[in-house]
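These are my notebook entries from a reading of one structure. I wrote down what I looked up, entry by entry, for a reader who is new to it.

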Amino acid sequence: MTSTQPAQVTVNSENVRYTADTITTRYTYQTTAVQKEGDRVVVTPTSETYQFQTQKNVPKTGVMLVGLGGNNGSTFAATVAANKHNITWRSRIGHHTPDYFGSITQSSTVRMGYTAENEEVNVPLNGLVPLLNPNDIVIGGWDISNKNLADAMERSCVLEYDLQRQLRPYLEEIVPLPSIMYTDFVAQNQSKRASNILPGNAKLDHLNTIRKNIRDFKADNKLDKVIVLWTATTERFSEVIAGINDTAENFLASVEKDHPEVSPSSIFATAAILEGCAYINGSPQNTFVPGVIELAHQNKVFIAGDDFKSGQTKLKSVLVEFLVGAGIKPLSIASYNHLGNNDGYNLSSPAQFRSKEISKSNVVDDMVASNQILYKEGEHPDHCVVIKYVPAVGDSKRAMDEYTSQILMGGRNTMAIHNTCEDSLLAVPLIVDLVTITELFQRVQYSKEDTPENWAQLDPILSILSYLCKAPLVTPGTPLVNALFRQKCCIENILRSLVGIPPENHMLLEFKTLQYPGEKKTEN
């Protein structure tokens, strides 16, 4: 067992039962059923009772990163090592201590309510339920470069030199396993760093090798579970073709036949699924073609993605939600980026940029569709995304956005925002959250009131992670939410349900129905 971040919250309720190993709650979920009858909307309140059971003991967990030697991978390993060993360092600004700032599981809080003295009480999000301590994560993975992680960290130029110097002994023994590289899926410029490639072109052999790598990593480190996460460079989109990758059976047959539309990331995802390991896609390509999604459902293995939502897109999902919610009509959004890391180098290729453009462009769709007063059917803001490679800025990405909106009586409002993002220092906390939340839900089961002993896991597409992804993967036919506030509320409220606490609704009715001394009650 690993060390668990202990829950600080104890819920005093007849609907919550604690044992040494589990937390079991009886939870009534209240929502609405809606019917549209022409211009008339009929809303019917509904409720359904669930039982949730969460295993309290956190298993020993390993994470295998595809792209381990890249900026994100080496910075993730360095961050975990710095926190685990409490390594402090100096920069020209001053003295620093390690942290997980930017991680909602490690550095954000959740409101519990008010004391009798009206003092608001907030607890760390990881105080709600027992979570994996990121310091205990065992790290391994693959990369097309054979540099050890100390050298990879130095190459990335993300962390301060004094910290790099102290971390070297902890990282230089970690060497990535050989990875898969099909040159038609990545930019040609990536060949320059390709010194650690699995031999041959037989995709089934590559699949079996990756599966063996996962089994060996799990056995060598005496792990209870492994989670696989893609943080390598962006691939081009795979073409979805009937008979090739539209079903699990067809996709596996296409792997055997070395079909050209079988991508490296889909092979990694398939290997993880067949080994019973959750797989998370941190890049924008369509790793999860229909056949891979069906395979995850068949094997009851969690998958999640796509593309880390760290900087410009996260801000966009906040700002557009605010504007549309305020009754202001965004007319155009022009987003410009330049960056100088290997991600930017790879995205200088048109096919790879197209994958990123798609994931960045769709982020406002649900917010626009939510307001039929502002937007007629089929109407949408002009939305332009530009990414340029500028080596001099390194990992310090520049993002410049211009939002032009229509306001009262035909007026125009323009907002221009300049955002300097340390790309990997924003992405690594997302990796922490993606891993810790995925691991938690592998310990959660639910049942419904009419079948109380029929325990099941959540849907294999772990859409609760949408807050962390630019292009959230959801089960086909279910709602896609990009609005950041709603996504964050989803995480918090589902965690609250696991301990039997009502969802946060921000009504504060207890403070809005007060009666002053001497005020008479209204007679009915």
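I began with helix 13 and helix 14, where helix 13 passes helix 14 in a left-handed crossing; a crossing is called left-handed if the near helix is turned anticlockwise from the far one by less than a right angle, and right-handed if clockwise. Helices (H or I, at least four residues) and strands (E, at least two) are DSSP runs, numbered from the N terminus. The model is a predicted one, in which local features need pLDDT of at least 70 and side-chain atom pairs count only at pLDDT 80 or more, while totals for chains, interfaces and linings use all residues. Residues are numbered from 1 along each chain as its sequence is written, and side-chain values use heavy atoms, with hydrogens and water left out.

I then looked up the packing of helix 13 and helix 14 (residues 484-498), and found an angle of about 35° with the axes 13 Å apart; axes are lines fitted to C-alpha atoms, for helices over the stretch in contact, and angles run from 0 to 180 degrees between N-to-C directions. I437, L440 and F441 in helix 13 meet I491, I494, L495 and L498 in helix 14, where contact means heavy atoms within 4.5 Å. I sorted the residues of this contact into seven nonpolar, no polar and no charged, with Ala, Val, Leu, Ile, Met, Phe, Trp, Tyr, Cys and Pro counted as nonpolar, Asp, Glu, Lys and Arg as charged, and the others, Gly among them, as polar.

Next I turned to the largest nonpolar core, which has 69 residues, and in which F76, L167, L171, F441 and L495 have the most contacts. Such a core is a set of buried Ala, Val, Leu, Ile, Met, Phe, Trp, Tyr and Cys residues joined through side-chain atoms within 4.5 Å; buried means under 20% relative accessible area, exposed over 50%, and partly exposed in between (1.4 Å probe, protein chains only). Helix 13 (residues 423-441) gives the largest share of this core, ten residues. Leaving aside neighbours within four places in sequence, I found F441 in contact with F302, L458, L462, I464, I494, L495 and L498. Another core, of 38 residues, lies apart from it and has I214, I267, F288 and I293 among its members.

In helix 8 the buried residues are G291, V292, I293, L295 and A296, and they pack against helix 6 (248-256), helix 7 (264-274) and strand 15 (303-304). Just after helix 8, K300 takes a positive phi of about 55°.

My last entry is on strand 18 (residues 396-406) and strand 19 (residues 412-422), which run antiparallel and are joined by eleven bridges; two strands pair if DSSP finds at least two bridges between them. E402 stands opposite A416 in strand 19, and in the hairpin, with five residues between the strands, M409 takes a positive phi near 55°.
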